[in-house]
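Subject: Structure for your review

Dear colleague,

Please find below the structure that I am handing over to you. I would be grateful if you would look through it before reading the notes that follow.

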Amino acid sequence: MVDYKLIKLENERSTHLTKRLNRLSLWQFFKVLYRDSMGRMLLTNFLLLLALTPLAVAVIYFYVQINNAQYALPYYNTLGAGNGIWIGVYEHFDALQTAYVDQCLTWCLLAFLGISIILSGGFAVVRDSFWTGKIKIRAFFGGLKANVLYALATSAIIGGALYGIVVFCLKCTLPTWAVIVLAILMSLVLLLVACFLFILCSVSVTYKQSLKQNVKDSFRLLWLNPIPNLIHETLMLLPIPVIFWAATAGQLLMFVVYMFVFFIGAFYFAFVWQTHMMKTFALFHPVAGADKK
């Protein structure tokens, strides 16, 4: 049984702000920020996109290597059924592809380390804008400083777990149905662990406490609203499968999705999650008055 009365959330980092009560829905809050701070929102999104650059480069490099290797294989299609002239060519390509996958996963894991650090800056921006209704870029760099260790741990744990799940699916010799079931179970466990880590990052960005207290508060907050927490985590991560789906769904849709990511997509991750957490934090530290933005 979790005792929620033990949640402290002390030494708030936003005491320098004049707070205004925020009871807006997620969409209403976004409209306020877009209306009053559109340029700063785009700048914040650009800063967040910098974290995704190494990951994107690693994935693109992987696809280029695979395509180059495939085109270099000794096929001919001028006569007959187009059989390969190199015995064992398919086995060779499978082995080559596996090697490239391992290389890509390693580089992606290293690139993933920077994502949570930069995302912490976005959390800090949303933290302050939640109380003021306007975006202030300087909060971004304060968020990086406040959360660097937590962010590195978050990226390492989530990235390492994803790496392990992918390698398990690729190399496991169990029956296909067993691999699928185990992969789903491991993914669900990872989703819960990631939810705790995201809460921990939000707590450390918003409050200046000891590591022990941050972990305790985050664990209790995880079970305070487990369903809303998982729902907002899913909403935050939703663009990731959409981006991959758009890449195979046609050029027009891919262009629309990528333009969304370029302008506000990266900000979306920080906005959806940190707004949810700020509303949770407000339950413990309500703002006096009834001033609504």
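Which helices each supply at least two residues of the lining of the largest pocket? Please bear in mind that this is a predicted model. The helices in question are α1 (26-72), α2 (89-132), α3 (138-171), α4 (176-206), α6 (226-237), α7 (239-246) and α8 (251-282). Among them, α1 provides the largest share of the lining, with eleven residues.

The pocket itself

The space in the largest pocket amounts to about 2200 Å³. Its lining is made up of 49 residues, and those closest to the pocket centre are Leu52, Leu55, Val59, Ile240 and Phe244. Sorted by class, the lining holds 41 nonpolar residues, seven polar residues and one charged residue.

The surface

A nonpolar patch is found on the surface, and its members are Tyr34, Met38, Leu42, Leu252, Phe255, Val256, Met259, Phe262 and Phe263. Together these residues have about 870 Å² of accessible area. Two helices, α1 and α8, each supply at least two residues of the patch. The largest share, six residues, comes from α8, the helix in which Phe255 lies.

Aromatic pairs

How many aromatic pairs does a search of the whole structure find? The search finds 13. One of them joins Phe30 and Tyr34 in a stacked arrangement, with 6.0 Å from centre to centre and 25° between the planes. Both residues belong to helix α1, where they are four residues apart, about one turn of the helix. Tyr34 is also a member of the nonpolar patch described above.

Yours sincerely,
A colleague

How values were computed. Residues are numbered from 1 along each chain as its sequence is written. This is a predicted model: local features need pLDDT of at least 70, side-chain atom pairs count only at pLDDT 80 or more; totals for chains, interfaces and linings use all residues. Side-chain values use heavy atoms; hydrogens and water are left out. On a 1 Å grid over the protein atoms alone, a cavity is a set of points where a 1.4 Å probe fits but cannot get out, and a pocket is an open set with protein on both sides within 12 Å along at least five of seven lines; lining residues have an atom within 4 Å of a point. Grid points are joined across faces, edges and corners, and a volume is the space filled by probe spheres set on the points. Ala, Val, Leu, Ile, Met, Phe, Trp, Tyr, Cys and Pro count as nonpolar, Asp, Glu, Lys and Arg as charged, and the others, Gly among them, as polar. Patches are made of residues with over 30% relative accessible area and no salt bridge: like charges are joined within 9 Å, nonpolar side chains (Val, Leu, Ile, Met, Phe, Trp, Tyr) within 5 Å. Accessible areas come from the Shrake-Rupley method with a 1.4 Å probe; for residues, only the protein chains shown count as cover. A salt bridge is a side-chain nitrogen of Lys or Arg within 4 Å of a carboxyl oxygen of Asp or Glu. Rings of Phe, Tyr and Trp (its six-membered ring) pair if their centres lie within 6.5 Å; planes under 30 degrees apart count as stacked, over 60 as edge-to-face and the rest as tilted.
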